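Reader: I am new to this structure and would like to learn how to read a few of its features. Please show me the model first.

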Amino acid sequence: MKTCNYNDIAQILYEAERNKQEITRITLEYPDLTIEEAYEIQERLVSLKKKAHTRVFGPKMGLTSRAKMEQMNVKDPIYGYILDHMVHENNKTIPIEEFIHPKVEAEIAFILENDIEGPGITGAQVLANTKYVVGALEIIDSRYENFQFTLPDVIADNASSSKVVLGDKIINAKELELDLVGVTLSINGNIVEMGAGAAVLSHPANSVATLANMLARKGGKLNKGEIILTGGITSAVMINRGDYVSAKFDGIGEVNFKMK
Ligand code: OOG
Ligand code: MG
């Protein structure tokens with residue numbers, strides 16, 4: 001079995017993102033890479049980003065809907081981190097040069113009222129400790145060739161995180177049935193995907209609960225005030241130069257950006 005150096009792989013992934021240059025997926029060289037090792041690499045990758053003067057904005061869940069699991073051929077939810085420099089305001093222009101092969105997905109994000117610490121957290125407990133929700137468009141940009149990976153690959157690559165556009169309307173989470181919130185994702189005015197919050201583990205609060213329980217295995221927790229992405233409701237869609245991307249969420253408003 002070939003042993004890998006976590007720091008070296010984190011550095012390779014870091015450079016790939018910085019140079020917008022895709023790389024061969026790491027499990028081709030290290031087929032025995034485990035999930036735990038992959039999270040070790042992710043942690044080192046996030047540390048490298050922090051050293052480059054950015055802070056953790058909040059965690060994200062990924063691969064939480066059947067649409068996403070089937071699209072990526074991976075069947076377990078994962079988590080990663082969004083950093084401050086990745087976050088954009090609503091209604092802005094983003095240059096396509098910042099990406100390798102961007103895709104977009106519509107997500108519901110939670111803003112917590114209290115810390116949440118697993119294990120054993122349920123969706124109901126998450127809802128009781130959530131203050132607001134906000135709509136989000138996540139732009140993912142796997143560093144791997146052809147956006148193809150196995151579970152350990154995508155975990156090491158910080159769950160393909162690249163950018164997030166947040167809506168400008170925060171809504172009291174208790175005012176909505178988040179599983180029933182409908183969403184449409186449009187490109188240049190044409191609806192390309194649609195779904196409802198229930199696509200995410202039956203209810204997006206279950207995604208936050210799963211995250212709290214996953215973090216608990218490493219002694220981690222979710223923090224009050226943190227913005228947490230719960231995962232794409234539909235399949236992710238490729239974006240091209242000049243595209244105008246918009247997601248409309250029932251009761252949560254519209255989030256959009258233009259890809260220059
Ligand atoms: C992995 C990231 C998944 C989501 O919302 O499901 C993700 C990928 O699909 O490249 O962010
Ligand atoms: Mg996502």
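Reader: In which sense do strand E13 (residues 244–249) and E14 pair, and over how many bridges?

Author: This is a predicted model. In it, E13 and E14 are paired in the antiparallel sense, with 6 bridges. For one of the partners, take serine 246, whose bridge partner in E14 is asparagine 256.

Reader: How many residues lie between E13 and E14 in the hairpin?

Author: The hairpin has 3 residues between its two strands. In the turn, glycine 251 has a positive phi of about 80 degrees.

Reader: Which way does strand E4 (residues 92–94) run relative to strand E14 (residues 253–259)?

Author: A general idea comes before the case. Side chains in a regular strand alternate between the two faces of the sheet. Here E4 and E14 run parallel and are joined by 3 bridges. Lysine 92 is opposite phenylalanine 257 in E14.

Reader: Now the helices. At what angle do the axes of helix H1 (residues 6–19) and helix H3 (residues 35–51) cross?

Author: The angle is roughly 55 degrees, and the axes come within 8 Å. Angles of 65 to 115 degrees count as roughly perpendicular and those under 35 as roughly parallel; H1 and H3 are therefore oblique to each other. H1 passes H3 in a right-handed crossing.

Reader: Which residues of H1 and H3 meet?

Author: From H1 come Tyr6, Asn7, Ile9, Ala10, Gln11, Leu13 and Tyr14; from H3 come Glu40, Ile41, Arg44, Leu45 and Leu48. The residues of this contact between H1 and H3 comprise 8 nonpolar, 2 polar and 2 charged.

Technical notes: Residues numbered from 1 in each chain as written. Chains lettered and ligands numbered in written order. Predicted model: local features only at pLDDT ≥ 70, side-chain atom pairs only at ≥ 80, totals over all residues. Axes fitted to C-alpha atoms, helices over the stretch in contact; angles between N-to-C directions. Helix = DSSP H or I, 4+ residues; strand = E, 2+ residues; numbered from the N terminus. Parallel < 35°, antiparallel > 145°, perpendicular 65-115°, else oblique. Left-handed = near helix turned anticlockwise from the far one by under 90°. Contact = placed C-beta atoms within 7 Å. Nonpolar A, V, L, I, M, F, W, Y, C, P; charged D, E, K, R; others polar. Pairing = 2+ DSSP bridges.
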